[in-house]
Amino acid sequence: MQPLCILGQDFNRVATKGRVRIMNTNMTTLTQIWMMLLLSNIFPSDHNVDLPLRKYQLVCAVMT
């Protein structure tokens, strides 16, 4: 599978919870396209600059 993040980029992390979200600027173009499609149609949101872990799992499943 093709990586979802740009080489050298990863999730933003919180000390207590671990991985939390991927910022839009850290994603590959294909991941950004799928994220926008899913956030526009399946999980409507007006905040589309990051991808929380729960929604990341959906994008990952769709791309595989």
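Guide: Here is how a few residues get their labels. First, the model is predicted, so local features need pLDDT of at least 70, side-chain atom pairs count only at pLDDT 80 or more, and totals for chains, interfaces and linings use all residues. Residues are numbered from 1 along each chain as its sequence is written, and side-chain values use heavy atoms, with hydrogens and water left out.

Visitor: Why is Leu4 called buried?

Guide: Buried means under 20% relative accessible area, exposed over 50%, and partly exposed in between (1.4 Å probe, protein chains only). Leu4 comes in at 4%, so it is buried. You'll find Leu4 in the segment before β1 (12-14); strands are DSSP runs of E, at least two residues, and helices are runs of H or I, at least four, numbered from the N terminus.

Visitor: What does Leu4 touch, beyond residues up to four places away in sequence?

Guide: Contact means heavy atoms within 4.5 Å. On that basis Leu4 touches Asn26, Met27, Thr28, Thr31, Tyr56, Cys60 and Met63.

Visitor: What makes Asn26 buried?

Guide: Its relative accessibility is 11%, so Asn26 counts as buried. Asn26 sits in the loop between β2 (18-23) and α1 (29-41). Leaving aside neighbours within four places in sequence, its contacts include Leu4, Cys5 and Asn12.

Visitor: And how do you know whether Lys55 is buried or exposed?

Guide: Lys55 has 15% relative accessibility, so buried is the label. Lys55 lies in helix α2 (residues 53-63) and, neighbours within four places in sequence aside, contacts Leu39 and Phe43.
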